[in-house]
Amino acid sequence: MLSVCLLFLFSLEAFAQNLTVKHKLKIISAGLCLLPFFWACDGAKESASPVEAQVENLLKRMTLREKIGQMNQVSLGNVDELAVAVENGEIGSMLNVTDPELVNRLQRIAVEKSRLGIPVLMSRDVIHGYRTIFPIPLGQAATFNPQLVEDGARVAAIEASSDGIRWTFAPMIDVSRDARWGRMAESCGEDPYLNAVMGVAMVKGFQGNSLDNATSIAACAKHFVGYGASEAGKDYNSTFIPERTLRNVYLPPFEAVAKAGCATFMTSFNDNDGVPSTGNTFILKDVLRNEWNYDGMVVTDWASATEMIPHGFCKDRKEVAEKAVNAGVDMEMVSGAFLENLEKLVKEGKVSEKSIDNAVCNILRLKYRLGLFDAPYVTTGQSVNYAPEHLAKAKEAVEQSVILLKNDKNVLPLGGNVRTIAVVGPMADAPHDQLGTWAFDGEKSHTQTPLAALREMYGDKVQIVYEQGLAYSRDKRTDGIYKAVSVARKADVVLAFVGEEAILSGEAHSLADINLRGAQKQLIDALSNIGKPLVTVIMAGRPLTIGDEVEKSDAVLYSFHPGTMGGPALADILFGKVVPSGKTPVTFPKMVGQLPIYYAHNHTGRAPSGKETLIDDIPQEAGQTSLGCTSFYMDAGFGPLFPFGYGLSYTTFNYDKMALSAGKLKKDGTLTVTVDLTNTGKYAGTEIVQLYVRDKVGTVTRPVKELKGFQRITLQPGEVKSVRFDLPVSDLSFWNIDMKKVVEPGEFTVWIGTNSDEGLSADFEVVD
Ligand code: NOJ
């Protein structure tokens, strides 16, 4: 369209200037020549920016082989072989090259020796930090603080780009509702809205103000799409997500990051309803390109293209290339089927050269946007890794991500009466494991553990005695427990650091049992029997089933693997220098059998109400009853261990005087909801105020509650603040019975509260 307009203006101008007919014709024909220039790349139809002109210009000079070379991504391997392939124009991107000298060496070959001098795009999984490791994404989500999450991604980008990395495979915004799935650790939890907000924050942080800044790295929204719904929480498993659920639950975070300018998308491993994402035209073309007008680049996951063969979706590598490119994939990660087969497929007419051109435009556009043609090399010898301000930001992220699950008799924070502290447990001094999954470049020598931090920061105030008890989280030997108990007997308070090692979560690390492993249960049990206050600190990659441990502990702090600065942050929280404010980004199950579990489930016909009748309440040989006729488990009861959005503070908050701006609204209206929040306790603290809605009746059944907003509010003791949310009615839209995204008129309930299970509520109506 724009090109047509340009041509029109161009022509007008020509006539207006009273030129000779010969001149006018010359100018118009020059304009006509530019038309294909602007139309060659599908994604750029609307744009005639300098980048598009550069892309088109370069595309015209490329051979088919060179174009296909750009669509090929390889991992670091034999450097000499890589160098030859780069020189031949057979590599568009590399992953896992993190030595800046090597980055420059390979880049110099691409720029100075390959025929067209197209730079290679260097990529890496920089997921929750590069060298300075931040809490795992699930922990970052627990902060409910998008600014802090953006800052963390910025730090990661600054560090990674200083080693020559210009593309990361993050954010991972797979809605994750099954804690058996090891990759829940990498996500922002169970909620579409929270994943969208945090995903956008990460994109902003990685990409900075402008992609062509040397410290900006391109983000990659993954895994597109539905991977988090892998059946039974088993990694790589199939998913069965109907289109409406896909659109209402799994796609919104991706749409949000696409709109926020996320430079790339990655196809997921799963087949949804029989179609692997890497060959799924519906998601890659119909939704991503046509509905969302996305002009970024799409890469496959690692070998997810050739995995369409074991999926039984393609018969061989040639068909892989055909199906993936025709579905809308631009670049293939590591499996080489494109390079091997696309030339043949074009000759045979099975893949059009237009499809190849589109893919290459998307790739080149990214390289131009990153400024790689102007500045292909990284400045070496200027390490910014572990800069003090990076460590400080990482500490702040942990401080806000730790969740206080229990605090009986205000055991925490540790007070002046505490003289001796026993530190026990396998996670107290586990510098590798507290980094969590996907921390390839984090070095344990830089990790600050709780034991080290307590000694360093509070060792002059209290005596710290340490006995590990168990060597690691899966350690089944119980002999160490006796030693831990005898040390604990000498202390005023026991701090037990338990959880799971980094390797127990992440890709390919799903679990069917999410209890504490090894002899950790026995450790907590033994410690709880000695009559000393027991504070349990849990570091993990997922919500574990910790009902017993919560019961036996006086206080429980939950820290998703906290990264480099876990120790100092936890030490300050334990001693009250920092007041915890994190909230659960996922529902904590009581038992693994409740999974998948999430607060925003649809209304059933038989919602639990009244008294729970549990398994031991049922008399022997009882006649068949429907136990109150509700949807629940006889052994686990109605609810979870902790609901979504839950977390305590050292202070207390009171919600009062909820008010709505109107009882009836039109579809283009905005509802303002206010509430008075008071800090009723003794500490200054931060509350995450949450707003949920329920659409009472729809053309399809709707979730019982959906998060639509949250705010972090910090108050001094006794301070009151009126908290205000403006909720556009358009935010109540959903994909309805006609598969249309609409707001359906009718009655709604809105809650403001401290978690997804509690809060003040009021009703309102939306009218046509
Ligand atoms: C496979 C993982 O699924 C993906 O998340 C990651 O980015 C790639 N490998 C590259 O390492």
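**Helix H18 and the chain around it**

In helix H18 (residues 479-489), the buried residues are Gly480, Ile481, Ala484, Val485, Val487 and Ala488; buried means under 20% relative accessible area, exposed over 50% and partly exposed in between, with a 1.4 Å probe and protein chains only. Looking down the axis of H18, these residues sit within an arc of 165°, so they line one face of the helix. The model is predicted: local features need pLDDT of at least 70, side-chain atom pairs count only at pLDDT 80 or more, and totals for chains, interfaces and linings use all residues. Residues are numbered from 1 along each chain as its sequence is written, and side-chain values use heavy atoms, with hydrogens and water left out.

**Around H18**
- Turned away from the buried side of H18 are the exposed residues Asp479, Tyr482 and Lys483.
- The cover over the buried residues of H18 includes strands E12 (420-424), E13 (463-467) and E14 (493-499), plus helix H19 (520-528).

**The whole chain**
- The protein chain has 21 helices and 26 strands (DSSP runs numbered from the N terminus: helices are H or I with at least four residues, strands are E with at least two).
- Along the principal axes, its C-alpha atoms fill a box of roughly 95 × 65 × 55 Å.
- Of the 768 residues in the protein chain, 59% are buried.
- Take contacts (heavy atoms within 4.5 Å) between residues at least 6 apart in sequence: 76% of them join residues at least 24 apart.

**Charge**
- The protein chain carries 77 positive and 92 negative side chains, and the centres of the two sets are 2 Å apart.
- Lys and Arg count as positive, Asp and Glu as negative, while His and the chain ends are not counted; each charge is placed at NZ of Lys, CZ of Arg, CG of Asp or CD of Glu.

Note on methods. The arc is that of the directions from the helix axis to the C-beta atoms.
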